[in-house]
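This report goes through one protein chain for a reader who has not seen it before. Please look over the sequence and the model first.

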Amino acid sequence: MSNDKTCIYCRQTDPDRFRGVEHVIPQGFGRFGSETPTLDCVCDDCNAYFGRELDQLLARDTYEGISRYSRGLLSSEARPQRRLSLTLADPAEAGDFVGLRVAVDGTTGQLMPPGGQFHVHNFRTGEDEVYFLRQIAGLTLPEADYGKPGTNGQKGTWKCKILAPSREAHDAMVEALQRAGIDFRPGTPFQNHWGPESGEPSSFLVEITSEVDKPHKRAIAKILMNFVAFHLGPDEVLAPRWDFLRRYIRYGEAEIKARLSHRQFWTGQETDQLRFRDDSINVRIENLDGNVVGAIQFYNLHTYEMILIENDALHPNQEIGRRYTPGELPVLGEKRSV
Ligand SMILES: [Zn+2]
């Protein structure tokens, strides 16, 4: 066994701690034939940490994660997404259930039966807020924000409703609200439109809201750093100029500069094979505006550009782009001299 490995994230060198491999693209996003890119320069401790804290999050609780379901890349577990908001969007289909918050079953890609939920309008923010049963204890509705208790829809009074998949879930919500001191009076009779008894599969247009927060950005930055290590070798990313990025990804230290880009993804790099495809993950590392920049795009969604190293440059022949399509071999791009 080689004993000269150094982990590119924590610099550990214990040869007994390099038994597994790190996938450059998290496994949840697919495999790429016999050329699924992996690294053996990430230690088992970092690998385990990333799997738990970053890969699982990116593959499930993000817009990118949920989009993979439509490509047939499903999860092995049915836990609902935690950091995403999926809302029934189309009034024609959802009827009285417009605004209902739902989750997707990651094992099937189908909408899950919704949990009972209390919707209330916040007049100060102009937003409808949604609370599930477990969030009701301790909930307060200050008059300045929500208006006064009273008839639904009357000016200056609460604008609220309960949506629930069953009579029992509805009544449990009413009870919880009353226990919390919120005098909710159920108005319109309850009707159950949801569930298998209707004979229809649960398929609705949903609106997805997701937040690009720090763990989400670190998960994306890790793919970019893995990509550099895979193509340029571990010695390159062990150089001090990568320390800032290394510490950001592994320890969440500081913050890197990231933006959504509207540039065409493969500008200057297209070949007969390397073209935009909406079933793929595209990755690129290049010199831009005096910085080293990584760009990544999942499927046909937006492109993230991140400054990986400020005020420095790669050798021009180190600039590289690849397209990864699940089930196919990766396609290499070339930077063309201008
Ligand atoms: Zn490590």
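## Domains and basis

The centres of domain 1 and domain 2, taken over C-alpha atoms, are separated by 39 Å. Domain 1 covers 15–58 + 212–333, and domain 2 covers 84–210; these bounds come from an automatic or database domain assignment.

This is a predicted model, in which local features need pLDDT of at least 70 and side-chain atom pairs count only at pLDDT 80 or more, while totals for chains, interfaces and linings use all residues. Residues are numbered from 1 along each chain as its sequence is written, and side-chain values use heavy atoms, with hydrogens and water left out.

## The chain as a whole

Along the principal axes, the C-alpha atoms of the chain fill a box of roughly 70 × 40 × 40 Å. The chain has 8 helices and 16 strands. Helices (H or I, at least four residues) and strands (E, at least two) are DSSP runs, numbered from the N terminus.

Of the 338 residues, 47% count as buried. Buried means under 20% relative accessible area, exposed means over 50%, and partly exposed lies in between (1.4 Å probe, protein chains only). The accessible surface comes to about 17,000 Å², of which 48% belongs to carbon and sulfur atoms; such areas come from the Shrake-Rupley method with a 1.4 Å probe, and for residues only the protein chains shown count as cover. Among contacts with a separation of 6 or more, 60% join residues 24 or more positions apart, where contact means heavy atoms within 4.5 Å.

## The zinc site

The zinc ion has as protein donors the SG atoms of Cys 7, Cys 10, Cys 43 and Cys 46, lying 2.3 Å from it. Donors are N, O and S atoms within 2.8 Å of the metal (3.2 Å for Na, K and Ca); water is not among the atoms, so sites may look incomplete. In sequence, the donor residues follow the spacing C-x2-C-x32-C-x2-C.

The site is tetrahedral, with angles of 106 to 113 degrees among its 4 donor atoms. Four donors count as tetrahedral if all angles lie between 85 and 135 degrees. Cys 7 is buried at 0% relative accessibility, and Cys 43 is likewise buried at 0%, whereas Cys 10 is partly exposed at 25%.

The structure holds 0 disulfides, a disulfide being a pair of cysteine sulfur atoms within 2.5 Å. For Cys 41, the closest cysteine sulfur is that of Cys 7, at 7.6 Å, which is too far for a bond. Cys 41 is buried, with 5% relative accessibility.

Helix 8 spans residues 243–251, and its buried residues are Asp 243, Leu 245, Arg 246, Tyr 248, Ile 249 and Arg 250. These buried residues pack against helix 1 (44–60), helix 6 (214–232), helix 7 (234–238) and strand 14 (303–309). After helix 8 comes Gly 252, with a positive phi near 70 degrees.

Lys 217 is found in helix 6 and is buried, with a relative accessible area of 16%. Leaving aside residues up to four places away in sequence, Lys 217 touches Val 212, Tyr 248, Glu 255, Ile 256, Ala 258 and Met 306.

## A loop residue

Asp 96 lies in the loop between helix 3 (91–94) and strand 4 (101–102). Asp 96 is exposed, with a relative accessible area of 53%. From C-alpha to C-alpha, Asp 96 and Leu 163 are 8.8 Å apart in space, and they are 67 residues apart in sequence.

How values were computed: Tetrahedral: all angles 85-135°; square planar, octahedral: opposite > 155°, others 65-115°.
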